[in-house]
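Have the model open while you read this. We'll go through it one site at a time, with the cut-offs given as each term comes up.

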Amino acid sequence: MLPLFVFIDACGWEILQRDPFLEGLAPNRRRLTSVFGYSSACVPSILSGRWPAEHRNWNYFVYDPANSPFRFLRALRWLPTALTSRRIFRRRLSRLLKTRLGFRGYFDLYNLPFKYISLYNFTEKRSPLQPGGMNRGPNIFDHLVEQKISYFVSDPAREEDWNLGALIAEIRSERIDFAFQYWPGLDGLLHMVGNKSEKVPAKLRIYEGWIGQLMEAAQEHYEEVRLYVFSDHGMANCDVLLDLKGEIDRLPLRMPEDYAVVYDSTMARFWFFNDRARETVMNRLTAIQGGRILPDAELAELGALFPDRYFGELIFLAKEGVLIVPSHMGARPIRAMHGYHPTEKHSNAALCTNQDSIPDDVTAIPHMYQMMTRDADIAKLRNAAAAEVEVGGRGGQSGVFPPL
Ligand SMILES: [Zn+2]
(Lines give C-alpha, C1' and ligand atoms only; values in the text may rest on other atoms or scores of the structure.)
Protein backbone atom coordinates (compact mmCIF):
# COMPACT_ATOMS: atom_id res chain seq x y z
CA MET A 1 0.00 0.00 0.00
CA LEU A 2 1.18 3.50 -0.80
CA PRO A 3 -0.30 6.64 0.77
CA LEU A 4 0.32 9.39 -1.77
CA PHE A 5 -0.08 12.93 -0.41
CA VAL A 6 0.15 15.62 -3.07
CA PHE A 7 0.14 19.16 -1.71
CA ILE A 8 -0.73 21.84 -4.29
CA ASP A 9 -0.13 25.27 -2.80
CA ALA A 10 -3.12 27.66 -3.13
CA CYS A 11 -5.37 25.12 -4.88
CA GLY A 12 -8.34 26.51 -2.98
CA TRP A 13 -11.91 25.27 -2.70
CA GLU A 14 -13.31 28.19 -4.72
CA ILE A 15 -11.00 27.50 -7.67
CA LEU A 16 -12.19 23.89 -7.76
CA GLN A 17 -15.85 24.93 -7.81
CA ARG A 18 -15.42 25.92 -11.44
CA ASP A 19 -13.18 23.04 -12.45
CA PRO A 20 -13.55 19.26 -12.91
CA PHE A 21 -10.09 18.80 -11.36
CA LEU A 22 -9.28 15.10 -10.76
CA GLU A 23 -12.90 14.01 -11.14
CA GLY A 24 -11.59 10.69 -12.45
CA LEU A 25 -8.61 10.08 -10.14
CA ALA A 26 -9.81 11.67 -6.89
CA PRO A 27 -13.56 12.30 -7.13
CA ASN A 28 -14.28 12.63 -3.41
CA ARG A 29 -13.85 16.29 -2.43
CA ARG A 30 -14.08 18.19 0.80
CA ARG A 31 -13.66 21.84 1.72
CA LEU A 32 -11.06 22.40 4.45
CA THR A 33 -10.83 25.49 6.65
CA SER A 34 -7.45 27.14 6.37
CA VAL A 35 -5.20 28.43 9.16
CA PHE A 36 -4.83 32.17 9.80
CA GLY A 37 -1.53 33.25 8.26
CA TYR A 38 0.49 32.66 5.11
CA SER A 39 2.09 29.45 3.89
CA SER A 40 4.63 30.05 6.68
CA ALA A 41 1.78 29.19 9.08
CA CYS A 42 -0.33 26.82 6.96
CA VAL A 43 2.38 24.38 5.85
CA PRO A 44 3.74 23.78 9.38
CA SER A 45 0.15 23.32 10.63
CA ILE A 46 -0.50 20.63 8.01
CA LEU A 47 2.81 18.92 8.78
CA SER A 48 2.30 18.93 12.56
CA GLY A 49 -1.46 18.68 13.07
CA ARG A 50 -1.29 21.68 15.37
CA TRP A 51 -2.18 25.40 15.20
CA PRO A 52 0.36 28.27 15.12
CA ALA A 53 0.00 29.10 18.85
CA GLU A 54 1.10 25.53 19.53
CA HIS A 55 3.92 25.05 17.01
CA ARG A 56 5.04 28.73 16.85
CA ASN A 57 5.60 28.84 13.08
CA TRP A 58 3.48 31.84 12.12
CA ASN A 59 4.78 34.88 10.26
CA TYR A 60 8.36 35.13 9.03
CA PHE A 61 9.57 38.42 10.54
CA VAL A 62 9.24 39.63 14.13
CA TYR A 63 10.55 42.58 16.14
CA ASP A 64 13.42 41.04 18.11
CA PRO A 65 16.50 43.34 18.00
CA ALA A 66 18.35 41.43 20.74
CA ASN A 67 18.43 38.30 18.60
CA SER A 68 18.51 39.80 15.12
CA PRO A 69 20.85 37.91 12.80
CA PHE A 70 20.72 40.83 10.35
CA ARG A 71 22.68 43.46 12.27
CA PHE A 72 25.62 43.38 9.87
CA LEU A 73 23.27 44.30 7.00
CA ARG A 74 22.62 47.77 8.38
CA ALA A 75 25.58 49.05 6.31
CA LEU A 76 23.44 48.44 3.22
CA ARG A 77 21.09 51.25 4.25
CA TRP A 78 23.45 53.68 2.53
CA LEU A 79 22.99 52.01 -0.84
CA PRO A 80 20.49 53.71 -3.16
CA THR A 81 16.93 52.40 -2.87
CA ALA A 82 16.83 52.15 -6.67
CA LEU A 83 19.24 49.23 -6.24
CA THR A 84 18.21 47.74 -2.89
CA SER A 85 14.50 47.62 -3.68
CA ARG A 86 15.07 45.63 -6.86
CA ARG A 87 13.81 42.05 -6.72
CA ILE A 88 16.91 40.61 -8.38
CA PHE A 89 19.19 42.31 -5.82
CA ARG A 90 17.04 41.09 -2.94
CA ARG A 91 16.75 37.57 -4.31
CA ARG A 92 20.52 37.20 -4.72
CA LEU A 93 21.21 38.69 -1.32
CA SER A 94 18.57 36.40 0.26
CA ARG A 95 20.31 33.38 -1.24
CA LEU A 96 23.70 34.47 0.13
CA LEU A 97 22.23 35.21 3.56
CA LYS A 98 20.41 31.90 3.74
CA THR A 99 23.74 30.09 3.35
CA ARG A 100 25.68 32.40 5.66
CA LEU A 101 23.07 32.26 8.43
CA GLY A 102 22.47 28.53 8.03
CA PHE A 103 18.71 28.87 7.50
CA ARG A 104 17.27 25.52 6.36
CA GLY A 105 13.75 26.50 5.27
CA TYR A 106 12.44 29.06 2.84
CA PHE A 107 14.10 32.45 3.14
CA ASP A 108 13.50 35.77 1.44
CA LEU A 109 14.26 39.29 2.63
CA TYR A 110 11.22 40.47 0.67
CA ASN A 111 10.96 44.24 0.93
CA LEU A 112 12.24 44.73 4.48
CA PRO A 113 14.09 48.09 4.66
CA PHE A 114 17.81 47.89 5.48
CA LYS A 115 17.44 50.95 7.68
CA TYR A 116 15.46 48.89 10.18
CA ILE A 117 16.61 45.39 9.37
CA SER A 118 18.62 44.99 12.60
CA LEU A 119 15.34 45.28 14.56
CA TYR A 120 13.98 42.08 13.12
CA ASN A 121 14.47 38.36 13.53
CA PHE A 122 13.43 35.60 11.14
CA THR A 123 11.31 32.79 12.58
CA GLU A 124 11.73 29.89 10.16
CA LYS A 125 15.36 28.93 10.61
CA ARG A 126 14.64 25.22 10.17
CA SER A 127 12.79 23.48 7.36
CA PRO A 128 9.31 22.25 8.30
CA LEU A 129 9.75 19.68 5.49
CA GLN A 130 12.41 17.87 7.53
CA PRO A 131 12.48 16.02 10.86
CA GLY A 132 13.12 18.48 13.70
CA GLY A 133 11.84 21.24 11.42
CA MET A 134 9.25 22.83 13.69
CA ASN A 135 9.84 25.71 16.08
CA ARG A 136 8.07 23.63 18.71
CA GLY A 137 7.03 19.98 18.82
CA PRO A 138 7.23 17.22 16.20
CA ASN A 139 5.99 17.04 12.60
CA ILE A 140 5.04 14.15 10.30
CA PHE A 141 8.70 13.55 9.39
CA ASP A 142 9.65 13.11 13.05
CA HIS A 143 6.85 10.55 13.25
CA LEU A 144 8.07 8.71 10.13
CA VAL A 145 11.66 8.58 11.39
CA GLU A 146 10.58 7.45 14.84
CA GLN A 147 8.37 4.70 13.42
CA LYS A 148 11.08 3.73 10.91
CA ILE A 149 8.76 4.30 7.97
CA SER A 150 10.67 4.90 4.73
CA TYR A 151 9.30 7.90 2.88
CA PHE A 152 9.69 10.33 0.03
CA VAL A 153 9.46 14.09 0.50
CA SER A 154 9.98 16.57 -2.30
CA ASP A 155 12.92 18.94 -2.28
CA PRO A 156 11.62 22.52 -2.31
CA ALA A 157 14.89 23.74 -3.83
CA ARG A 158 14.11 21.74 -7.00
CA GLU A 159 11.58 22.35 -9.75
CA GLU A 160 8.17 20.70 -9.61
CA ASP A 161 8.83 18.34 -12.52
CA TRP A 162 12.17 17.30 -11.02
CA ASN A 163 10.32 16.30 -7.85
CA LEU A 164 7.76 14.44 -9.95
CA GLY A 165 10.55 12.43 -11.60
CA ALA A 166 12.23 11.77 -8.25
CA LEU A 167 8.99 10.45 -6.73
CA ILE A 168 8.24 8.22 -9.73
CA ALA A 169 11.74 6.73 -9.39
CA GLU A 170 11.13 6.06 -5.68
CA ILE A 171 7.79 4.44 -6.44
CA ARG A 172 9.40 2.14 -9.04
CA SER A 173 12.06 1.13 -6.51
CA GLU A 174 9.24 0.06 -4.13
CA ARG A 175 11.35 1.40 -1.29
CA ILE A 176 8.82 3.78 0.22
CA ASP A 177 5.77 3.34 2.45
CA PHE A 178 4.72 6.99 2.30
CA ALA A 179 5.07 9.91 -0.11
CA PHE A 180 4.67 13.65 0.35
CA GLN A 181 4.88 15.71 -2.84
CA TYR A 182 4.80 19.51 -2.61
CA TRP A 183 4.09 21.69 -5.64
CA PRO A 184 4.23 25.49 -5.12
CA GLY A 185 3.79 26.63 -8.74
CA LEU A 186 0.05 27.36 -8.74
CA ASP A 187 0.48 29.78 -5.83
CA GLY A 188 3.00 31.87 -7.74
CA LEU A 189 0.82 31.82 -10.85
CA LEU A 190 -2.31 32.90 -8.96
CA HIS A 191 -0.46 35.80 -7.30
CA MET A 192 0.43 37.08 -10.76
CA VAL A 193 -2.69 36.42 -12.85
CA GLY A 194 -5.53 36.20 -10.32
CA ASN A 195 -8.10 33.45 -9.78
CA LYS A 196 -10.15 34.12 -12.93
CA SER A 197 -7.35 33.72 -15.49
CA GLU A 198 -7.45 30.95 -18.09
CA LYS A 199 -3.92 30.09 -17.05
CA VAL A 200 -5.29 28.58 -13.83
CA PRO A 201 -7.29 25.70 -15.40
CA ALA A 202 -4.36 25.20 -17.80
CA LYS A 203 -2.04 24.69 -14.81
CA LEU A 204 -4.57 22.33 -13.20
CA ARG A 205 -4.54 20.22 -16.39
CA ILE A 206 -0.74 19.92 -16.08
CA TYR A 207 -1.06 18.79 -12.46
CA GLU A 208 -3.74 16.29 -13.50
CA GLY A 209 -1.35 14.83 -16.05
CA TRP A 210 1.41 14.55 -13.45
CA ILE A 211 -0.89 12.96 -10.87
CA GLY A 212 -1.97 10.53 -13.59
CA GLN A 213 1.68 9.58 -14.12
CA LEU A 214 2.18 9.12 -10.37
CA MET A 215 -0.92 6.93 -10.09
CA GLU A 216 0.06 4.83 -13.08
CA ALA A 217 3.50 4.14 -11.63
CA ALA A 218 2.09 3.57 -8.13
CA GLN A 219 -0.60 1.15 -9.28
CA GLU A 220 2.01 -0.86 -11.14
CA HIS A 221 4.08 -1.32 -7.98
CA TYR A 222 1.57 -1.20 -5.12
CA GLU A 223 -1.69 -3.10 -4.70
CA GLU A 224 -3.47 -0.19 -3.06
CA VAL A 225 -2.77 3.50 -3.61
CA ARG A 226 -4.46 6.05 -1.37
CA LEU A 227 -4.35 9.36 -3.15
CA TYR A 228 -4.87 12.65 -1.31
CA VAL A 229 -4.49 15.91 -3.23
CA PHE A 230 -4.89 18.91 -0.96
CA SER A 231 -4.01 22.54 -0.38
CA ASP A 232 -3.27 25.02 2.38
CA HIS A 233 -5.43 28.00 1.34
CA GLY A 234 -7.09 29.60 -1.66
CA MET A 235 -6.46 32.92 -3.36
CA ALA A 236 -8.44 36.17 -3.47
CA ASN A 237 -8.12 38.78 -6.19
CA CYS A 238 -6.91 42.11 -4.84
CA ASP A 239 -8.98 44.98 -6.20
CA VAL A 240 -8.40 47.53 -3.42
CA LEU A 241 -4.98 48.85 -2.41
CA LEU A 242 -4.39 50.16 1.10
CA ASP A 243 -1.40 52.40 1.83
CA LEU A 244 -1.35 51.54 5.51
CA LYS A 245 2.31 52.43 5.88
CA GLY A 246 1.56 55.95 4.59
CA GLU A 247 -1.25 56.30 7.14
CA ILE A 248 0.94 55.21 10.04
CA ASP A 249 3.99 57.22 8.89
CA ARG A 250 1.86 60.39 9.04
CA LEU A 251 1.15 59.90 12.74
CA PRO A 252 3.23 61.98 15.21
CA LEU A 253 5.23 58.89 16.23
CA ARG A 254 8.75 57.71 15.63
CA MET A 255 9.88 54.26 14.60
CA PRO A 256 11.58 52.52 16.35
CA GLU A 257 11.47 54.75 19.45
CA ASP A 258 7.68 54.66 19.87
CA TYR A 259 6.71 51.53 18.04
CA ALA A 260 7.83 48.81 15.60
CA VAL A 261 5.77 47.21 12.87
CA VAL A 262 5.88 44.52 10.21
CA TYR A 263 3.63 45.15 7.24
CA ASP A 264 2.71 41.79 5.74
CA SER A 265 0.59 42.01 2.60
CA THR A 266 -2.74 41.42 4.36
CA MET A 267 -1.90 42.20 7.97
CA ALA A 268 0.17 44.58 10.03
CA ARG A 269 1.69 43.57 13.33
CA PHE A 270 2.67 46.24 15.85
CA TRP A 271 4.85 46.40 18.97
CA PHE A 272 4.49 49.50 21.21
CA PHE A 273 7.03 51.10 23.53
CA ASN A 274 4.72 53.63 25.20
CA ASP A 275 0.98 54.10 25.80
CA ARG A 276 0.73 57.19 23.57
CA ALA A 277 1.97 55.18 20.58
CA ARG A 278 -0.45 52.33 21.31
CA GLU A 279 -3.40 54.70 21.59
CA THR A 280 -2.49 56.79 18.54
CA VAL A 281 -2.02 53.75 16.31
CA MET A 282 -5.17 52.03 17.59
CA ASN A 283 -7.26 55.15 16.96
CA ARG A 284 -5.95 55.45 13.43
CA LEU A 285 -6.47 51.75 12.65
CA THR A 286 -10.02 51.81 13.99
CA ALA A 287 -10.90 54.49 11.43
CA ILE A 288 -9.58 52.51 8.46
CA GLN A 289 -12.31 50.93 6.31
CA GLY A 290 -10.23 48.21 4.64
CA GLY A 291 -9.57 46.14 7.73
CA ARG A 292 -9.82 45.80 11.50
CA ILE A 293 -7.91 45.04 14.66
CA LEU A 294 -8.34 41.39 15.69
CA PRO A 295 -9.35 41.03 19.36
CA ASP A 296 -7.46 38.53 21.49
CA ALA A 297 -10.50 36.27 21.85
CA GLU A 298 -10.71 35.93 18.10
CA LEU A 299 -6.98 35.30 17.75
CA ALA A 300 -7.29 32.59 20.40
CA GLU A 301 -10.12 30.96 18.45
CA LEU A 302 -7.94 31.01 15.34
CA GLY A 303 -5.07 29.34 17.22
CA ALA A 304 -2.92 32.43 16.67
CA LEU A 305 -2.85 34.11 20.08
CA PHE A 306 0.69 34.14 21.46
CA PRO A 307 0.71 35.00 25.18
CA ASP A 308 4.29 36.33 24.90
CA ARG A 309 3.28 38.55 21.94
CA TYR A 310 6.29 37.29 20.03
CA PHE A 311 4.60 37.92 16.66
CA GLY A 312 3.16 41.31 17.59
CA GLU A 313 1.09 42.98 20.32
CA LEU A 314 -1.61 44.13 17.94
CA ILE A 315 -2.74 42.47 14.74
CA PHE A 316 -4.53 44.47 12.06
CA LEU A 317 -6.09 42.35 9.30
CA ALA A 318 -7.27 43.56 5.90
CA LYS A 319 -10.63 42.50 4.45
CA GLU A 320 -10.54 39.94 1.65
CA GLY A 321 -9.50 41.66 -1.58
CA VAL A 322 -7.67 44.54 0.14
CA LEU A 323 -3.90 44.50 -0.37
CA ILE A 324 -1.56 46.42 1.92
CA VAL A 325 0.91 48.05 -0.45
CA PRO A 326 3.65 49.05 -0.16
CA SER A 327 4.37 46.46 2.52
CA HIS A 328 7.44 44.71 3.85
CA MET A 329 6.46 41.85 1.56
CA GLY A 330 6.34 43.89 -1.63
CA ALA A 331 6.72 47.43 -2.96
CA ARG A 332 4.31 46.95 -5.86
CA PRO A 333 0.76 45.59 -6.11
CA ILE A 334 0.14 41.98 -7.11
CA ARG A 335 -3.03 40.60 -8.65
CA ALA A 336 -4.09 38.24 -5.89
CA MET A 337 -3.22 37.32 -2.31
CA HIS A 338 -4.03 34.98 0.56
CA GLY A 339 -3.61 35.41 4.30
CA TYR A 340 -7.05 36.86 4.97
CA HIS A 341 -9.42 35.69 7.69
CA PRO A 342 -9.99 31.90 7.41
CA THR A 343 -13.75 32.50 7.24
CA GLU A 344 -13.42 34.59 4.05
CA LYS A 345 -14.67 32.78 0.96
CA HIS A 346 -11.38 32.47 -0.90
CA SER A 347 -9.40 31.34 2.16
CA ASN A 348 -10.81 27.81 2.03
CA ALA A 349 -8.52 24.94 1.11
CA ALA A 350 -9.54 21.64 -0.47
CA LEU A 351 -8.98 17.91 -0.23
CA CYS A 352 -9.56 15.57 -3.20
CA THR A 353 -9.16 11.84 -2.67
CA ASN A 354 -9.80 8.45 -4.28
CA GLN A 355 -10.97 7.17 -0.88
CA ASP A 356 -14.70 6.61 -0.46
CA SER A 357 -14.84 8.18 2.95
CA ILE A 358 -13.07 11.02 4.67
CA PRO A 359 -13.38 10.96 8.49
CA ASP A 360 -16.00 13.46 9.72
CA ASP A 361 -13.50 15.23 11.95
CA VAL A 362 -11.27 16.16 9.01
CA THR A 363 -12.52 19.72 8.47
CA ALA A 364 -9.43 21.95 8.64
CA ILE A 365 -5.96 21.75 7.12
CA PRO A 366 -4.14 20.65 10.33
CA HIS A 367 -6.30 17.51 10.22
CA MET A 368 -4.33 16.31 7.20
CA TYR A 369 -1.72 15.28 9.77
CA GLN A 370 -4.08 12.62 11.21
CA MET A 371 -4.66 11.24 7.73
CA MET A 372 -0.93 11.13 7.02
CA THR A 373 0.13 9.40 10.25
CA ARG A 374 -2.80 6.95 10.08
CA ASP A 375 -2.08 5.85 6.52
CA ALA A 376 1.70 5.79 6.95
CA ASP A 377 1.35 3.46 9.96
CA ILE A 378 -1.06 1.16 8.09
CA ALA A 379 1.16 1.09 4.99
CA LYS A 380 4.23 0.16 6.98
CA LEU A 381 2.49 -2.77 8.67
CA ARG A 382 0.90 -4.05 5.47
CA ASN A 383 4.00 -3.69 3.33
CA ALA A 384 6.17 -5.41 5.93
CA ALA A 385 3.69 -8.31 6.14
CA ALA A 386 3.46 -8.56 2.34
CA ALA A 387 7.26 -8.55 2.02
CA GLU A 388 7.56 -11.43 4.47
CA VAL A 389 5.00 -13.51 2.58
CA GLU A 390 6.80 -12.76 -0.65
CA VAL A 391 10.24 -13.67 0.64
CA GLY A 392 8.94 -16.89 2.20
CA GLY A 393 6.69 -17.91 -0.66
CA ARG A 394 8.79 -17.08 -3.69
CA GLY A 395 12.26 -17.90 -2.58
CA GLY A 396 13.32 -14.40 -1.77
CA GLN A 397 12.95 -12.76 -5.14
CA SER A 398 12.31 -9.45 -3.46
CA GLY A 399 14.69 -10.08 -0.66
CA VAL A 400 16.49 -6.75 -0.88
CA PHE A 401 15.01 -4.17 1.42
CA PRO A 402 16.20 -0.67 2.00
CA PRO A 403 17.92 0.06 5.27
CA LEU A 404 15.43 2.04 7.31
ZN1 LIG B 1 1.36 32.62 -1.86
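## The cavity

The residues lining the largest cavity split into three nonpolar, six polar and no charged. Here Ala, Val, Leu, Ile, Met, Phe, Trp, Tyr, Cys and Pro count as nonpolar, Asp, Glu, Lys and Arg as charged, and the others, Gly among them, as polar. The lining is made up of Ser34, Val35, Phe36, Gly37, His233, His338, Gly339, Tyr340 and Ser347. The volume of the largest cavity is about 30 Å³, and the structure holds one cavity of 30 Å³ or more.

A word on how that works: rolling a probe the size of a water molecule over the atoms shows where empty space is left. On a 1 Å grid over the protein atoms alone, a cavity is a set of points where a 1.4 Å probe fits but cannot get out, and lining residues have an atom within 4 Å of a point. Grid points are joined across faces, edges and corners, and the volume is the space filled by probe spheres set on the points.

## Ground rules

This is a predicted model, where local features need pLDDT of at least 70, side-chain atom pairs count only at pLDDT 80 or more, and totals for chains, interfaces and linings use all residues. Residues are numbered from 1 along each chain as its sequence is written, and side-chain values use heavy atoms, with hydrogens and water left out.

## The zinc site

What holds the zinc ion on the protein side? The donors are Asp187 (OD), Asp187 (OD), His191 (NE2) and His338 (NE2), at 2.1 to 2.4 Å from the ion. Donors are N, O and S atoms within 2.8 Å of the metal (3.2 Å for Na, K and Ca), and since water is not among the atoms, sites may look incomplete. The angles among the four donor atoms run from 56 to 146°, and the site is irregular. For comparison, four donors count as tetrahedral if all angles lie between 85 and 135 degrees; four count as square planar and six as octahedral if opposite donors are over 155 degrees apart and all others between 65 and 115; anything else is irregular.

Along the chain, the zinc donors follow the spacing D-x3-H-x146-H. Aspartate 187 sits in helix α8 (residues 185–193) and histidine 338 in the loop between β15 (336–337) and β16 (349–353), so this pair ties together parts that are 151 residues apart in sequence. Helices (H or I, at least four residues) and strands (E, at least two) are DSSP runs, numbered from the N terminus. Aspartate 187 is buried at 13% relative accessibility, and histidine 338 is buried at 6%. Buried means under 20% relative accessible area, exposed over 50%, and partly exposed in between (1.4 Å probe, protein chains only).

## Aromatic pairs

How many aromatic pairs turn up in a search of the whole structure? The count is 24. Phenylalanine 7 and phenylalanine 230 have ring centres 5.2 Å apart and planes at 25°, so they are stacked. Rings of Phe, Tyr and Trp (its six-membered ring) pair if their centres lie within 6.5 Å; planes under 30 degrees apart count as stacked, over 60 as edge-to-face and the rest as tilted. Phenylalanine 7 is in strand β1 (residues 2–8) and phenylalanine 230 in strand β7 (residues 225–230), a link across 223 residues. Both phenylalanine 7 and phenylalanine 230 are buried.

Next come tryptophan 183 and tyrosine 207, stacked because their ring centres are 5.2 Å apart with planes at 10°. Tryptophan 183 is in strand β6 (residues 178–183) and tyrosine 207 in helix α9 (residues 199–221), so the pair ties together parts 24 residues apart in sequence. Tryptophan 183 is buried at 0% relative accessible area, and tyrosine 207 is buried at 0% too. There is also an aromatic cluster, formed by Phe5, Phe7, Phe141, Tyr151, Phe178, Phe180, Tyr182, Tyr228 and Phe230.

Most residues other than glycine have a negative phi, and most peptide bonds are trans. Methionine 255 and proline 256 are joined by a cis peptide bond with omega about 10°; proline 256 is in the loop between α10 (244–249) and β10 (259–263). The bond from valine 325 to proline 326 is cis as well, with omega near 0°.

Glutamate 174 is not a glycine, yet has a positive phi of about 55°. Glutamate 174 is in the loop between α7 (160–173) and β6 and is partly exposed at 45% relative accessibility.

Conventions: 1 Å grid on protein atoms, 1.4 Å probe; cavity = no way out; pocket = protein on both sides within 12 Å on 5 of 7 lines; lining within 4 Å.
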